[in-house]
Amino acid sequence: MNQFSNLISSIEITNKTNAKIDALVNYFNTAPDKDKLWLIALFTGKRPSRPVKTTLMKAWCMEITNLPEWLFLESYSTVGDLGETLALLLPKPTHHLDLSLNEWMSELRALKSKSEQDKKAFVLEAWSGLDQQERLIFNKLIGGSFRIGVSKKTLVNALAKLTNIDANQLMHSIIGNWDVDNITFEELIHGKHINYDNSKPYPFCLAYALEKDLPELGEPNDWIVEQKWDGIRGQIVKRNKEIYIWSRGEELVTSQFPELIEAMSNFTDDFVIDGEILAMKDNDVLLFNDLQKRLNRKNVTKKLLDEVPIGFYAYDILEYNGNDIRERPFKERRKRLESIFNSVALPEHIQLSFLVDFSQWDALYDIRDNSRAINSEGLMLKQKKSPYHTGRKKGDWWKWKVDPLTIDAVMIYAQKGSGRRSSKYTDYTFAVKKDDALVTVAKAYSGLTDKEITEISQWVNKNAIEKFGPVRTVKPELVFEIAFEGIALSNRHKSGVALRFPRIARWRKDKPVDEIDTIETVKKLITAP
Amino acid sequence: MSQENQLIKFTKKGIYCPQGKFYLDPWYPVDYAVISHGHADHARWGMKRYLCTDDSKTILKHRLGTDIKTESIPYNHSITINGVELSFHPAGHVIGSSQIRLEYKGFVVVFSGDYKTQPDFISVPYEPIKCHTFITESTFGLPIYNWKSEKELQAELQSWVKTNQENNRTSVFLGYSLGKAQRLMSLLDGCDDVYVHRAIHNLNEAISNSGIELPETKLWSAELDKKTLQNKIIIAPPALLGSRMLKRVPNAATAICSGWMQIRGNRRWQAVDAGFVVSDHADWNGLISAIKATEAEQVYVTHGSQAVFSKYLNEIGIKADELKTEYGDEALAKAEKETENIETK
């Protein structure tokens, strides 16, 4: 496992994607065949199910170290990762076990059906025969994520660099249907088990933010305007009765959206369609926060399917019955899209993106401002003549987003992050005034620089009121401008309001705490356009 | 007044000895300050008189100015101040670092300052002192902190340098100029040419002039030809991270050396090439064994994991209370930067 352990060490220390890719390439160049397959399996969610429960591992560690539970938890909250906490708390190894990744994985697969006693004997033997870093990896092999910033895409880029095979083909290969026992590394990367012709995607056409006044765009009649939706862009590839969904990040996300696959199988034609995957209920678009519950799940449960149903707004068509039509004008492609969608009865949440009816530029301002009411981010302006460009190109497509709403609030709680951020206080809770007291309005963790986070972490260490557990209550002193995309009344929140996508716009070092907003002023934003 | 209260009182300016009329490592200006070691959060400006170990004296003068009024005595040698018997004992933390022992009418208090129980190649090793009241630090007072032996650490650092050299890279180690820098010098001695930042160079010179032998190093200055540094070793204060001077080093591989590097998240946070667990402080087992060895009836826990550590001590039957001070890692980082007046641009 030494080789795999070194790979993880060199990947986790760097935040440069290229360095990660180089380390992976180096591993692929030197590791045994089965180890390489396991590596790919581990980083693409094809891992065996967890053979040992974390509660047992925790209990065994406490038994060995003779530590009280509260101290174990205190350690865990400092480290921010259970597998690592165990690795650090356990006594030094007494001997050294030298097994390959494949050997460990085979042992772990066999462990699943063993008795608790046998499991314990196996885990304890491993712990006493591995050094700290290997022990951490062993704990991660049992279950849990490595959190080292290696996405499927990074893995694919490393394989592409190694083999010169097309990255999207590799993406299809590695997430395709294969098993460590039934394939060789060569077979896997050459896609012996897949037919790439059926899944091959096109690059997405992307828009720039509008940087001029509307009249400068020319005749309103030359443009088609749609609402801009904030889900995830998806390209649905339907060829020879096979259906694939590609995300904008060039990952295959097909298995995450069974409803979409089912709906698409109603069509008889083959096509490649670009559109937005959204969470939808009763024909209304839900918040991105809701959609997030559906993303990157290994299993989509029935419960989740009911709770967060997926919808789709089709924007464009790139290929029709085998013909690449990206160079045809948008107006014509849209017609084609309409005729396809009108030819088949579809579930109501799968539909064409509706067009904004307007004849004067002036009419668009109000429509844009009202976007929030339907959980839209603003408007998209597309030139009728435009081809479906490759990548981001200025001029033909513009996005015109609504301005975010902002309030000034004070930090009252801080919590450490996880993974790379586990040493710093990165997650904050903010409050506004309510009479003489404070009331929580938002939790946010993005929008600050590393330097600011470091500064805030030091401040939190000095100004924490509560000392135990992961959350620190701090003196209400630091004021931040919080930006958010929408606000709604909510009886699930103590403050009575729910903010959509709250994030830190900036740290208001200039503002004293008595100048923060009150809950009344915040509520006024609800009716404001 | 209890015997303990005659010896120590916790005040806003620092830990005070009412009988002896002096302070221990005070954080505000006072008339008479007894100093455990030269780090900037313990030895501060503005005291009318200082008392420290012989080994710390040059360091204090170098850092706080040659005009300060300083007396010094050797380790394990006692003097009497207003009836209080005072002596310094090795703390194993940095060169010159000491625990301060106070005795009055048979009652003994030991203030540990900062300490490290594990011996290294450069500072006088820590010695446990029996006492009634022990004031301990708790920087690494969690059971996740356990250090490797000095030999293992040496092998780890030197093998990193070797790998860097094979890849045509220059090894840069970041650590405080007092303590960590000299420790790194001792760990890397004989490996290859070691260049040190001017702040470290000047301090080394002062230490050497007082008769303490240090491994050989060269000054890392901006005028040096890039080629000279290629594949060599550089030791610099942490404040240099991200500085222009560091960016000019050819193919630098940068490592942070600190006990905090024990945690993966801390190593990854900094965006450096390596993080080595090199600490001047006692690890978890070091703290526990040191406290047990004092046989103290009362323990006060200062900077670090006070709350957790004192709770645990009480659970294992050692009476302990938290003590709020102005010492600690962040105070140190800030104060060290100011003391050295390091140009980071």
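**Close-up 1. An open sheet of 6 strands in chain B.** In this predicted model, the strands line up in the order E1-E2-E3-E4-E5-E6, and their pairing is mixed. At the edges sit strand E1 (9–11) and strand E6 (70–73) of chain B, each pairing on one side only. On average, and with direction ignored, neighbouring strands of the sheet are turned by 30° against each other.

**Close-up 2. Strands E4 and E5 of chain B, joined by 3 bridges.** Here we zoom in on one pair from the sheet. E4 covers residues 32–34 and E5 covers residues 49–53, and the two run parallel. To find your way around, look for B:Ala33: its bridge partner in E5(B) is B:Tyr50.

**Close-up 3. Helices H2 and H5 of chain B packing at an angle of about 145°.** H2 spans residues 54–64 and H5 spans residues 198–209, with their axes 9 Å apart. The crossing of H2(B) past H5(B) is right-handed. From H2(B) come B:Thr58, B:Ile59 and B:His62, which meet B:Leu203, B:Ala206, B:Ile207 and B:Asn209 of H5(B). Sorted by class, this contact has 4 nonpolar and 3 polar residues, but no charged ones.

**Close-up 4. Where chain A touches chain B.** On the chain A side, 26 residues are in contact with 19 residues of chain B. Helices H1 (2–13), H5 (69–79), H6 (82–89) and H18 (450–463) of chain A each supply at least two residues to the side facing chain B. H5(A) gives the largest share, 5 residues. By class, the side of chain A that touches chain B has 8 nonpolar, 11 polar and 7 charged residues.

Note on methods. Residues are numbered from 1 along each chain as its sequence is written. Chains are lettered from A and ligands numbered from 1 in the order in which they are written. This is a predicted model: local features need pLDDT of at least 70, side-chain atom pairs count only at pLDDT 80 or more; totals for chains, interfaces and linings use all residues. Axes are lines fitted to C-alpha atoms, for helices over the stretch in contact, and angles run from 0 to 180 degrees between N-to-C directions. Helices (H or I, at least four residues) and strands (E, at least two) are DSSP runs, numbered from the N terminus. A crossing is left-handed if the near helix is turned anticlockwise from the far one by less than a right angle, and right-handed if clockwise. Two residues are in contact if their C-beta atoms, placed from the backbone, lie within 7 Å. Ala, Val, Leu, Ile, Met, Phe, Trp, Tyr, Cys and Pro count as nonpolar, Asp, Glu, Lys and Arg as charged, and the others, Gly among them, as polar. Two strands pair if DSSP finds at least two bridges between them.
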